[in-house]
Amino acid sequence: MTYFKALFLVLCLYTISSYASDAPTNLDKELAVFKPYLGTWQADFKVPEGAKPVQDVGRWERALNGKAIHTKHSINEGEYGGESMIFYDSKKESLVFYYFTTAGFYTKGTMKVLSPTQFVAYEDVTGSQDGITKVKSMSELKDDKFVVSTSYLKKGEWTKPEQRIYTRSTKTVKFK
């Protein structure tokens, strides 16, 4: 009898874990281009020799029954982080997003899909202590890598683009 109970328990656990791993991934058609981005990514920033390493871990998730995408990320396990919601605004006929940070500033922006593997984001910044008022970033999914190039309008001048290469990761986003 114990054998049958053990077998039944194993079958139940297998069935439950199968359903748990089948999380819905369907997205509204305007967000479908982001399906390959779902999951966790990490980038190790290029820093000058001898400088403290900088690692960004980000997670993209389906939200609101596929009507939005929720992203969150943390740098160096919570020294800095942020969360965003990306959704389609039918009145503006555009992808829009809001990004909120642990540094106390936020951005709102739009995204334009350039191809099935490339998009550009334009952000207006509110509350930056560093004098940043706008951000422009180009993102591309290439060879299962997520390549992001970002420029900042800081004190009236655009900075040289910074490039980061994200790879799939098993790490978790952490906030302090």
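Tyr106 lies in strand 6 (residues 106–115), where strands are DSSP runs of E with at least two residues and helices are runs of H or I with at least four, numbered from the N terminus. The model is predicted: local features need pLDDT of at least 70 and side-chain atom pairs count only at pLDDT 80 or more, while totals for chains, interfaces and linings use all residues. Residues are numbered from 1 along each chain as its sequence is written, and side-chain values use heavy atoms, with hydrogens and water left out.

Tyr106 counts as partly exposed because its relative accessibility is 33% (buried is under 20% relative accessible area, exposed over 50%, partly exposed in between; 1.4 Å probe, protein chains only). Together with Tyr98 and Phe100, Tyr106 makes a nonpolar surface patch of about 290 Å². Such patches consist of residues with over 30% relative accessible area and no salt bridge, nonpolar side chains (Val, Leu, Ile, Met, Phe, Trp, Tyr) being joined within 5 Å and like charges within 9 Å. A salt bridge places a side-chain nitrogen of Lys or Arg within 4 Å of a carboxyl oxygen of Asp or Glu. Areas come from the Shrake-Rupley method with a 1.4 Å probe; for residues, only the protein chains shown count as cover.

The protein chain has one helix and eleven strands. Of its 176 residues, 36% are buried.
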